[in-house]
Amino acid sequence: EVESYVDENYKDIIKMQKAYKARCKMQSSEDYPRRFHGIVDDPDQDNWPAPLKICGQVIQHIKDFRQYIQLVGIMCNSALMERHWNEMSALAGFDLTPNAGTTLRKVIAFELDSLLDQFEIISVGATKELQLQMNLAKMKAEWVNMFFTTSAYKETDLHILSGLDDIQALLDDHLIKALSMRGSAFVKPVEAEVREWYSLLDRVNKTLEEWGKVQVQWLYFRPIFSAKDIIAQMPEENVMFKEVDVTYQNLMKQVLRDPDVLKTAGAITLL
């Protein structure tokens with residue numbers, strides 16, 4: 001970012017210098033009374049007209065600054081945390097942590113050129129760590145308004161889960177991302193949080209899988225065990241179904257009370 005900003009300004013100054021050079025030449029050839037005094041093509045920059053002289057000075061300052069672009073990019077990296085500054089300070093042999101009095105001139109005076117490549121590794125790592133943390137926060141934010149939807153079962157007061165496709169799609173996507181984060185070389189600062197997040201997603205996934213199986217069976221057997229003649233013929237099986245029926249309806253009531261997917265399906269004691 002710093003390098004592109006410098007390059008952009010360098011190009012702008014070059015264009016400006018060319019424009020002033022053409023203008024100064026034209027005014028000189030026309031003997032314009034209010035022209036800038038100086039010799040446009042003089043090899044000595046001090047003899048140039050004032051606008052060209054200023055442009056030349058700025059160009060030289062930019063050229064001089066280029067050698068410090070890597071240093072600026074490292075030291076101004078907002079991703080650097082206290083642990084990173086401690087690592088770089090250990091390499092330098094003194095405290096590099098910036099404060100209100102830190103300036104580029106002071107940092108340049110430290111003569112850290114021989115350590116820049118090592119600092120760069122730390123800085124890049126800090127950036128990747130921050131990006132990982134931001135991705136984790138983004139994933140969590142996507143679940144804030146993710147709620148279960150239910151629909152009435154036939155003409156009864158009972159409800160069943162419906163419209164799970166969006167939830168499952170997001171869940172599958174985030175499980176892959178979370179698993180990738182767990183294997184990242186830059187996960188250490190938030191490793192515990194990532195593992196906890198993956199465990200939650202995995203628990204929700206398993207819960208939805210079981211709920212799906214139970215709901216399919218419940219929908220199949222409920223009409224059967226609603227018939228009195230079937231109940232009379234299969235009393236033991238009816239008792240077993242009633243247990244499942246009560247459990248399933250209680251789960252649906254819980255979903256109706258709190259449809260938040262992560263809170264409800266992610267409960268540790270649910271399965």
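Trainee: Where is the place of Asp-31?
Mentor: Asp-31 lies in the loop between helix H1 (2–29) and H2. Helices here are DSSP runs of H or I with at least four residues, strands are runs of E with at least two, and both are numbered from the N terminus. Please note that this is a predicted model, in which local features need pLDDT of at least 70, side-chain atom pairs count only at pLDDT 80 or more, and totals for chains, interfaces and linings use all residues. Residues are numbered from 1 along each chain as its sequence is written, and side-chain values use heavy atoms, with hydrogens and water left out.

Trainee: Why is Asp-31 called exposed?
Mentor: The relative accessibility of Asp-31 is 53%. Buried means under 20% relative accessible area, exposed means over 50%, and partly exposed is in between, with a 1.4 Å probe and protein chains only. Asp-31 therefore counts as exposed. Its phi is near 55 degrees, a positive value in a residue other than glycine.

Trainee: Which loop holds Lys-154, and what is its phi?
Mentor: Lys-154 is in the loop between strand E1 (149–152) and strand E2 (159–162). Phi of Lys-154 is near 50 degrees, again a positive value in a residue other than glycine. At 61% relative accessibility, Lys-154 counts as exposed.

Trainee: What makes Tyr-20 partly exposed?
Mentor: Tyr-20, found in helix H1, has a relative accessibility of 28%.

Trainee: Which residues does Tyr-20 touch?
Mentor: Contact means heavy atoms within 4.5 Å. Leaving aside residues up to four places away in sequence, Tyr-20 touches Pro-51, Leu-52 and Cys-55. Tyr-20 and Cys-55 are 35 residues apart along the chain, and their C-alpha atoms are separated by 9.0 Å.

Trainee: How do you know that Ile-59 is buried?
Mentor: Ile-59, in helix H2 (residues 50–66), has 6% relative accessibility, which is under the limit for buried, so the word applies. Beyond residues up to four places away in sequence, Ile-59 touches Tyr-10, Ile-13, Ile-14 and Gln-17. From Ile-59 to Gln-17 there are 42 residues in sequence and 9.3 Å in space, C-alpha to C-alpha.

Trainee: Why is Arg-222 called buried?
Mentor: The relative accessible area of Arg-222 is 19%, which is under 20%, so Arg-222 is buried. Arg-222 belongs to helix H8 (residues 191–224). Its contacts, not counting residues up to four places away in sequence, are Tyr-153, Leu-158, Phe-241, Asp-245 and Gln-249.

Trainee: What is the secondary structure of the whole protein?
Mentor: There are 11 helices and 2 strands, following the pattern α-α-α-α-α-α-β-β-α-α-α-α-α along the sequence.

Trainee: Why is the protein said to be more spread out than a compact globule?
Mentor: The radius of gyration is taken over C-alpha atoms, and the globule rule is 2.2 Å times the number of residues to the power 0.38. For 271 residues the rule gives 18 Å, whereas the protein has 35 Å, well over that value, so it is more spread out than a compact globule. Its C-alpha atoms fill a box of roughly 115 × 55 × 25 Å along the principal axes.

Trainee: How is the protein divided into domains?
Mentor: Domain 1 covers 1–76, domain 2 covers 78–131 and domain 3 covers 146–266; such bounds come from an automatic or database domain assignment. The C-alpha centres of domain 2 and domain 3 lie 49 Å apart.
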